[in-house]
Amino acid sequence: MKNFSEVTSFHLSDYYGMEDLKPVYFCMFLIIYITIVVENVVLIRVVYCEKTLHEPMYLLLCNLALNGLYGSTALLPALLGNILSHSYEISLPLCQAQIYAIHTYAITEFTILAVMSYDRYVAICYPLPYHAIMSQRLVKLITFMWLYPMLAFLIVLIFTLNLRFCERTIEKTYCMNYLLVKLACTDTSIVNIIGLLSVGLYTLPQLVMIFYSYAHILRICVLSFSKSNLKALRTCTPHLLAIINYSFGCFFEIALSRFNVSYLLYEVKLFLSLYFLIFPPILNPVIYGMSIQIIRVHLFKFFSRKNRQVQMM
């Protein structure tokens, strides 16, 4: 019988496809990570420094940016280190930690987007008491959208932590829970059932909130169209783009895990597998910065001040 304690690390086999172009991949992912950090930190700093942006919508946007930093940091530093490595190995504890970070990022992203849809629903459907309602609920909502994913996924991860592993090859550039479960020696039927049920737990409440909010927003705009409603409706555009962008990433990840994609080029599979971890954090600040005038104005002021400070040095 195989000694279970021997499997203390795993091979991330997808790195072998980068062998011929290691410097190119390293530079590309380094630039992507620096861009994500700069964009999201600047956005958070602008909202923090400008008192006119101390509104529920922009504070929720800061949480979206913070989660983008969390998710990209769960992936990219490890990915850069593995590109420079020759073994492409990851230890079991680090693999489990990455699983927790990546999955909680994914659930938190969707939960924040759901809370942001609720914020737009209150702003458009109840414009007069909007500030009173959101001021009372904002702290609770922010606490919920961080604690709920962290605790909910921990329940699933506990089952994975109790598994014993016989296989060592993970066919990806990072660890995912379902891939690790597939390497277990013991029967994983219960773990798989819990995993499937958890998908509903992690997505259905958020989907209900998003569809409910936008159904009412659409109804209000059709029944009582006004300039104030049109202005508020414009703030929904970047939020809808952020939802669509993230949904594409989730769809790509599900498709890669459920269908035979061996016929796809390595570069295409790599792009699709990394989409939900890279493109929402890199595009969300751009979407909101370009779409909402007040953020665009304050970003321009921020960079103008920085430019003057550099010139005075």
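Mentor: Let's start with the pocket. The largest pocket is lined by 29 residues, and His103, Met176, Val199, Ile254 and Arg258 lie nearest its centre. A word on the term: on a 1 Å grid over the protein atoms alone, a pocket is an open set of points where a 1.4 Å probe fits, with protein on both sides within 12 Å along at least five of seven lines, and lining residues have an atom within 4 Å of a point. Keep in mind that this is a predicted model, where local features need pLDDT of at least 70 and side-chain atom pairs count only at pLDDT 80 or more, while totals for chains, interfaces and linings use all residues. Residues are numbered from 1 along each chain as its sequence is written, and side-chain values use heavy atoms, with hydrogens and water left out.

The space in the largest pocket comes to about 990 Å³, a volume being the space filled by probe spheres set on grid points joined across faces, edges and corners. (Helices, H or I with at least four residues, and strands, E with at least two, are DSSP runs numbered from the N terminus.) By class, the lining has 18 nonpolar, 8 polar and 3 charged residues. Here Ala, Val, Leu, Ile, Met, Phe, Trp, Tyr, Cys and Pro count as nonpolar, Asp, Glu, Lys and Arg as charged, and the others, Gly among them, as polar.

Now the cysteines. There are 2 disulfides, a disulfide being a pair of cysteine sulfur atoms within 2.5 Å. In one of them, the sulfurs of Cys95 and Cys175 sit 2.1 Å apart. Cys95 belongs to helix 3 (residues 92-125) and Cys175 to the loop between strand 3 (169-170) and helix 5 (177-182), so this pair ties together parts 80 residues apart in sequence. That link is left-handed, with -120° about the S-S bond, and both Cys95 and Cys175 are buried (under 20% relative accessible area; exposed is over 50%, partly exposed in between, with a 1.4 Å probe and protein chains only).

Another disulfide joins Cys166 to Cys185, S to S 1.6 Å. Its torsion about the S-S bond is about 125°, so the link of Cys166 and Cys185 is right-handed. Cys185 is partly exposed, at 28% relative accessible area. Number the bonded cysteines in sequence order and the pairing reads 1-3, 2-4.
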